Amino acid sequence: MSTLHLSPDTTPNTALLMQGVRFGYTGADAATLNLDRLSLQRGERLMLRGPSGCGKSTLLSLAAGVLLAQKGTVELMGREWAGLSAAQRDALRVDHVGYIFQQFNLLPYLGVLDNVLLPCRLSKRRRERAASVHGPIEGAAAALLDALELPTALHRRPAAELSVGQQQRVAAARAMIGQPDIVIADEPTSALDEDRREGFMRLLLDQCTRAQSALLFVTHDARLARHFERVVELSGVNRVDQGVS
Ligand SMILES: Nc1ncnc2c1ncn2[C@@H]1O[C@H](COP(=O)(O)OP(=O)(O)OP(=O)(O)O)[C@@H](O)[C@H]1O
Ligand SMILES: [Mg+2]
């Protein structure tokens, strides 16, 4: 892993800093994202909203180093994604980021518990953090799934056999296990009914508070805004965070 590099705008409290970021998909006529600045402090909760197709999921992929910006800088936990090899990016991501993808990205033929345990299998840091709270990491996975009301009978079933709402909860448990420093959630409540949505939000916020995880949360649901310290709107030509901390 590369040595920690703090840019002049980064403090030890900064979980994510994106500056002057421009990104366009190959073959696209115009840039998908132009972002002057977006910062997220440790433990902070930020909600991102905007119309379909405005670039929210793209921004999350850039934040997590899944995509690399053509211009500007994106730093996570003081490390700039562009300065790392692909293997270093994978290691930084699994150590520090819990990501609930819009399409879940579960491994379909793997059992539910094994899907949730993936970050612990790939990251010593996540494994030790999960074990410090629950003992065996399987206990940590089961506790998260229980809290998300996923029946125990489903724990060993292949993820592909679950309903969409159930898969979304498995994806959430996988993101939360081992107390990542930043949780990135792309419309994580879209497939949940109203009761489950409230329970899900309580658990997610509670987990983030306990682990001091920063939360970057995309949703179309304006009712969820009350849970967040900052709401950033992505729209128009220039997509800018007005509420820089
Ligand atoms: N892999 C890709 N290749 C080419 N273009 C893409 C790709 N992914 C997204 N886009 C385009 O980039 C733009 C932004 O997409 P993105 O998925 O970030 O939007 P979004 O705000 O998350 O939308 P939604 O609310 O519907 O999830 C869209 O115009 C989309 O067509
Ligand atoms: Mg999206």
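Mentor: We start with a term: two residues are in contact if their C-beta atoms, placed from the backbone, lie within 7 Å. Bear in mind throughout that this is a predicted model. Helix α1 (residues 56-63) lies across β1 (14-23), β2 and β4, and runs at about 120° to β1.

Trainee: What makes β4 and β5 a pair of strands?

Mentor: Two strands pair if at least two bridges are found between them, and β4 (residues 71-76) and β5 are joined by two bridges in the antiparallel sense, so they meet that cut-off. As for β5, R79 is the bridge partner of L76.

Trainee: Why are β2 and β5 said to stand at the edges?

Mentor: The open sheet has four strands in the order β2-β1-β4-β5, with antiparallel pairing. Because β2 (33-41) and β5 (79-80) each have a single partner strand, one side of each is left without a neighbour in the sheet.

Trainee: How do you know that the radius of gyration agrees with a compact globule?

Mentor: For 245 residues the globule rule gives a value near 18 Å, and the protein has 17 Å, which agrees. Along its principal axes, the C-alpha trace spans about 50 × 40 × 35 Å.

Trainee: What makes a residue of the shell around ligand 1 count as polar, nonpolar or charged?

Mentor: The residue type decides: Lys counts as charged and Gly as polar, for example, whereas Ala counts as nonpolar. Ligand 1 is surrounded by residues including A28, G50 and K56, and the shell divides into three nonpolar, eight polar and one charged.

Notes:
Residues are numbered from 1 along each chain as its sequence is written. Chains are lettered from A and ligands numbered from 1 in the order in which they are written. This is a predicted model: local features need pLDDT of at least 70, side-chain atom pairs count only at pLDDT 80 or more; totals for chains, interfaces and linings use all residues. A residue is near a molecule or strand if its C-beta atom, placed from the backbone, lies within 6 Å of it. Axes are lines fitted to C-alpha atoms, for helices over the stretch in contact, and angles run from 0 to 180 degrees between N-to-C directions. The radius of gyration is taken over C-alpha atoms; the globule rule is 2.2 Å times the number of residues to the power 0.38.
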